[in-house]
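Work through the exercises below with the sequence and the model at hand. Try each task before reading the solution that follows.

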Amino acid sequence: MAEPRPRPRRGLCWLGLALTLGASCPGMAGASQGDREPYYRDCVSGCVSANCTGPRLRAFHTRQPVYMRLTGWTCEDDCRYDCMWATVGLYITEGYRVPQFHGKWPFHRFLCFQEPASAFASVLNGLASLVMLSRYRSAVPATSPMYRTCNSFAMVTLNAWFWSTVFHTRDTFLTEKMDYFCASAVVLYSIYLCCVRTLGLNHQLIASLFGALLVFLFAGHVWYLTYVRFDYGYNMAANTLIGVVNLLWWLGWCLWQRRVLPYVWKCMIVVTMLHGFALLELLDFPPLLWVLDAHALWHFSTIPVPFLFYSFLVDDSLHLFKLKTEFGKAE
C-alpha cells in the first residue's frame, strides 16, 4: 500500500459569505489519496469487469431500486462505493489515517443520498427560508418599496438550497457546477439587495446600473468556469472577494444606521454569525459515524439564520412602507 500523502482539505471555501447560504466546496476534486491508491484502482477495475458488462449488468439494472436509478447511480458508481469502503477498511487495519476519495471524505450512503447529513441540512435550510418568505409576504404590503427585491432574493436563495440538496444527494459534473453557481448568485444578489436598500431607493438608476454590472460579472464567472477552465482556486478567490464586499457593505450600513433603525442589530448578528459558522470548515475531520462532517455541521448551523434575517427584512420593509405612506399623505 502506498504511503499516504497529505490529504486535500475542503478548506474555508466560502468564509461565511452568503447571508443565508453555506455553499459546498469540496476541495480539489480531481484526485485524492484514496482514489490514487493502487488497491482501490485495482478493486474498481476488477469490479467493473466482473459486474458491469453483459448479462451481469442487465441483472444489476433489474435489481437496482427505482430511486437509485432515478438519481443516476450506475453499476460503476456502486463499484467505486464498495471499493472505497474496502480501501478505508485496509487503511484503518494498517493504522493509517482515513483517506479522501475524489476530494471527499467517505460517507455512508443512505438510500440515494451520497452525503445524507448535508443533504438533510440543505432541505432544512430551504424549508426555513420558505417559512420565513411566507411570513414576510403575510406581514409586508406588496406596495412596500423593498417588497419585490426581497421576494426575488428569497427565490434565488431557495433555488440555491435546492441545488445544494441535489448536489449532496448525487455529486456529478452538472450538480457540482449548479451548486457552486447558485451559491455565488445568492451572494451577488445579497450585494444587490444591500445596494437597493442603501442607494437604490433614492437613486434608482444607480441601483439598476449596478445590478446590470453584477449580472455581467456573474455571466463572465459562469462562462469562464464552464468553457475555459474550472479553477477551484479562482472560484474560491472570486467568492471570497464578493463575500467581503457583501459583509463590509451590510455591516457598514448597519453601524451607520444603528441609532436611527434599532432593528439593524438583527442583520449585524446574521453577518457576524455566518462568518463565525464558516470556521467550522477549518475542522475538516472524517465524518462521525461516517455521516456527519464539518461541512454538514456548517449547513446545520445556518438553519436558524433565515429566521433572524427575514425578521430584519420584515421590520425594515414595514418601516419603509410607513415612510412611504406618511410621505404620500404629506403630499
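Helices (H or I, at least four residues) and strands (E, at least two) are DSSP runs, numbered from the N terminus. The model is a predicted one, in which local features need pLDDT of at least 70 and side-chain atom pairs count only at pLDDT 80 or more, while totals for chains, interfaces and linings use all residues. Residues are numbered from 1 along each chain as its sequence is written, and side-chain values use heavy atoms, with hydrogens and water left out.

**Exercise 1. Find what the mean pLDDT of the chain is, and where the pLDDT is below 50.**

Step one is the term itself: pLDDT is the predictor's confidence in each residue, from 0 to 100. For the chain the mean is 85, and 89% of the residues reach 70 or more. Step two is the stretch of residues 1–29, where the pLDDT is below 50 and where the model has 118 contacts (heavy atoms within 4.5 Å) beyond near neighbours in sequence.

**Exercise 2. Which parts of the chain does the pair of Asp171 and Lys104 link?**

The closest N and O atoms of Asp171 and Lys104 are 3.6 Å apart, and the two residues form a salt bridge. This pair links distant parts of the chain, 67 residues apart: Asp171 is in the loop between helix H7 (147–169) and helix H8 (173–200), and Lys104 is in the loop between H5 and helix H6 (116–139). Lys104 has a relative accessibility of 6%, so Lys104 counts as buried, while Asp171, at 22%, counts as partly exposed.

**Exercise 3. Work out which residues and elements line the two largest pockets.**

On a 1 Å grid over the protein atoms alone, a pocket is an open set of points with protein on both sides within 12 Å along at least five of seven lines, and lining residues have an atom within 4 Å of a point. Grid points are joined across faces, edges and corners, and a volume is the space filled by probe spheres set on the points.

The largest pocket has a volume of about 560 Å³. Its lining comprises 23 residues, and those nearest its centre are Phe101, His102, Lys104, Gln114 and Asp171. H5 gives the most to this lining, with four residues.

The second largest pocket has a volume of about 480 Å³. Among its 19 lining residues, Pro145, Val196, Gly200, Leu201 and Gln204 are the closest to its centre. At least two lining residues come from each of H7, H8, helix H9 (204–228) and helix H13 (305–330), and H8 gives the most, with six residues.

Terms used:
A salt bridge is a side-chain nitrogen of Lys or Arg within 4 Å of a carboxyl oxygen of Asp or Glu. Buried means under 20% relative accessible area, exposed over 50%, partly exposed in between (1.4 Å probe, protein chains only). On a 1 Å grid over the protein atoms alone, a cavity is a set of points where a 1.4 Å probe fits but cannot get out, and a pocket is an open set with protein on both sides within 12 Å along at least five of seven lines; lining residues have an atom within 4 Å of a point.
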